[in-house]
Amino acid sequence: MVKSIIQLEDVNKEYGRGKKTVAALRHINLDIDQGEFVAVVGPSGCGKSTLLHVMAGLEQPTSGRVLLDAVDVTLIGERDLPKLRAQKIGFVFQAFLLIEDLTAYENVEAVLWPSEEITKEKQEQMTLEVLREVDMLERRDHFPRQMSGGEQQRVAIARALVNRPPILFCDEPTGNLDSKIGETIMKYISDLAKSKGMTVVLVTHNESLTKFAQRVLNMKDGAIR
Amino acid sequence: MNLRVLFKSIKFAFRARRRVFTFIVIYAFLIVMVSRGLASPGEWLLWVFAAFVLATLYAILISQSRAKDIAILKCVSWTNADILLVLIGEVVLVSLTAFLIVFQVSVELLGLVAYFQPAFDVGLFTALQGLLAVPAGDLFVTLFVIVVLQLPGLFLAQRRAMLIAPMRALREE
């Protein structure tokens with residue numbers, strides 16, 4: 001039996017107070033299985049990104065429970081969240097979010113630096129391996145400003161995968177890329193996820209990318225339809 | 001303390017060349033002035049206070065200019081303790097480099113005066129020595145003072161860095 005790796009139970013998220021309260025998520029109930037590729041689609045402002053941030057523990061829900069691999073994210077303090085992220089989650093963002101002063105290699109390896117359990121040699125090996133997987137080994141000494149958008153996104157994917165997390169969250173990963181490179185990037189993500197049995201949650205407004213997903217969730221006004 | 005993060009932070013700090021070089025020069029000047037201040041009873045408080053203000057401002061400046069990087073690092077699972085090492089890395093780099101520059105300049109000037117004095121007029125070197133060179137004892141005391149004065153600034157900077165949410169990186173997209 002396939003087990004659920006992400007579970008949301010009656011999750012609500014509101015911003016603001018009093019009359020200015022805006023409900024970004026309304027009564028979300030969701031189970032995502034291990035190894036499943038789920039796409040969340042919907043118009044801009046429907047709450048897709050908020051859903052992703054809440055799932056990943058980047059934002060706390062106003063009410064409800066979020067379980068990642070049976071761990072309740074809403075009960076974990078700020079101190080322990082980084083550890084959970086390091087063990088369970090990889091992120092790919094629309095704007096790549098690479099550190100400009102670090103090379104491609106360093107941007108990827110930086111995820112592992114705080115880990116005292118992984119030796120320096122092992123960190124180097126893991127970084128080189130994942131850069132090879134995304135075909136960026138040759139460009140490892142380049143800074144983000146010296147790379148194209150597609151290359152930067154591949155480095156960002158390598159960074160998300162370097163600690164071999166079971167869950168990959170992708171927030172509009174092709175949003176800053178032209179459609180051809182976007183397709184290539186999505187194929188990378190899809191193939192890597194399949195080969196490693198990872199769970200992928202993809203948030204996008206681009207419906208053509210849903211072909212990579214096993215399940216498509218449509219969001220509107222903060223709710224899943 | 002995770003030394004790997006600290007060493008990487010020093011390397012990372014060096015990439016912000018303009019800011020780091022500027023503050024190395026400022027810190028070198030500060031070390032000379034604080035050393036002189038410590039030697040003269042009437043002035044030491046003024047210079048120690050100036051060093052405190054500058055050290056605090058510098059630590060806050062680092063946390064401010066690295067705010068986006070800090071948010072990204074938090075997104076990829078760095079803890080606040082790891083982030084503190086990023087701040088310490090730059091402060092260590094700047095303070096030690098400034099100290100070594102003042103030390104080296106002091107030794108060089110002393111050597112030049114001693115070497116040329118028997119044969120030539122060394123008025124220029126003597127003037128420079130009076131202006132820039134710092135006696136070894138005063139220099140080490142000053143390094144200690146600067147390190148101690150850095151601590152409140154680092155504490156403040158860490159408080160600011162702690163308040164930077166990972167979401168900030170995403171909002172700046």
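1. Let me start with the loop between β4 and β5 (71–72) of chain A, where Ala70(A) has its place. In this predicted model, the phi of Ala70(A) comes out positive, near 70°, in a residue other than glycine. Is Ala70(A) buried or exposed? Ala70(A) counts as exposed because it has 9 C-beta neighbours inside 10 Å, and the cut-off for exposed is 12 or fewer.

2. Ser77(B) is not a glycine, yet its phi is positive, at about 85°. Ser77(B) sits in the loop between α4 (67–75) and α5 (80–116) of chain B. With 26 C-beta neighbours inside 10 Å, Ser77(B) counts as buried, the threshold for that being 20 or more.

3. Ser63(B) belongs to helix α3 (residues 44–65) of chain B. Ser63(B) counts as buried because it has 25 C-beta neighbours inside 10 Å. What is Ser63(B) in contact with, leaving aside its neighbours within four places in sequence? The contacts are Leu87(B), Ala157(B), Arg160(B) and Ala161(B). Ile146(B) lies 83 residues from Ser63(B) along the chain, and 19 Å separates the C-alpha atoms of the two.

4. Back to chain A, now as a whole. Chain A contains six helices and 10 strands. Its radius of gyration is 17 Å, close to the 17 Å that the globule rule gives for 225 residues, so chain A is as compact as a globular protein of that length. The C-alpha trace of chain A spans about 50 × 40 × 40 Å along its principal axes. Of the 225 residues in chain A, 46% are buried. If we take the contacts in chain A between residues at least 6 apart in sequence, 71% of them join residues at least 24 apart.

5. Next, the pairing around β1 of chain A. Strand β1 (residues 4–15) and strand β2 (residues 22–33) of chain A are antiparallel partners, with eight bridges between them. Tyr15(A) has Val22(A) in β2(A) as its bridge partner. The hairpin of β1(A) and β2(A) has six residues between the strands, and Gly16(A) takes a positive phi there, near 80°. β1(A) also runs antiparallel to strand β4 (residues 63–68) of chain A, to which five bridges join it. In that pairing, Asn12(A) has Ser63(A) in β4(A) as its bridge partner.

6. There is also an open sheet of six strands in chain A, with mixed pairing and the order β6-β7-β8-β3-β9-β10. Which strands stand at the edges? They are β6 and β10 (223–224) of chain A, each with a single partner strand, so one side of each is left without a neighbour in the sheet. Within this sheet, β7(A) and β8(A) run parallel and are joined by five bridges. Ile167(A) stands opposite Thr199(A) in β8(A).

7. At 1.5 Å a residue, the 18 residues of α6 (residues 179–196) of chain A should span 26 Å, and the end C-alpha atoms are 26 Å apart, which agrees. The buried residues of this helix are Gly182(A), Ile185(A), Met186(A), Tyr188(A), Ile189(A) and Ala193(A). They cover an arc of only 150° around the axis, which puts them on the same side of α6(A). As background, an α-helix has 3.6 residues a turn, so residues three or four places apart point the same way. On the other side of α6(A), the exposed residues are Lys180(A), Lys187(A), Asp191(A) and Ser195(A). The cover over the buried residues of α6(A) includes β3 (37–41), α5 (149–161), β7 (167–171) and β8 (199–204) of chain A. After α6(A) comes Gly197(A), with a positive phi near 65°.

8. Last, the contact between the chains. From chain A, 21 residues are in contact with 22 residues of chain B. α2 (81–88) and β6 (89–93) of chain A each supply at least two residues of the side of chain A that touches chain B. α2(A) gives the most to that side, with three residues. By type, the residues on the side of chain A that touches chain B are 13 nonpolar, two polar and six charged.

Definitions and conventions
Residues are numbered from 1 along each chain as its sequence is written. Chains are lettered from A and ligands numbered from 1 in the order in which they are written. This is a predicted model: local features need pLDDT of at least 70, side-chain atom pairs count only at pLDDT 80 or more; totals for chains, interfaces and linings use all residues. Helices (H or I, at least four residues) and strands (E, at least two) are DSSP runs, numbered from the N terminus. The radius of gyration is taken over C-alpha atoms; the globule rule is 2.2 Å times the number of residues to the power 0.38. Two residues are in contact if their C-beta atoms, placed from the backbone, lie within 7 Å. The expected span of a helix is 1.5 Å times one less than its number of residues. The arc is that of the directions from the helix axis to the C-beta atoms. Ala, Val, Leu, Ile, Met, Phe, Trp, Tyr, Cys and Pro count as nonpolar, Asp, Glu, Lys and Arg as charged, and the others, Gly among them, as polar. Two strands pair if DSSP finds at least two bridges between them.
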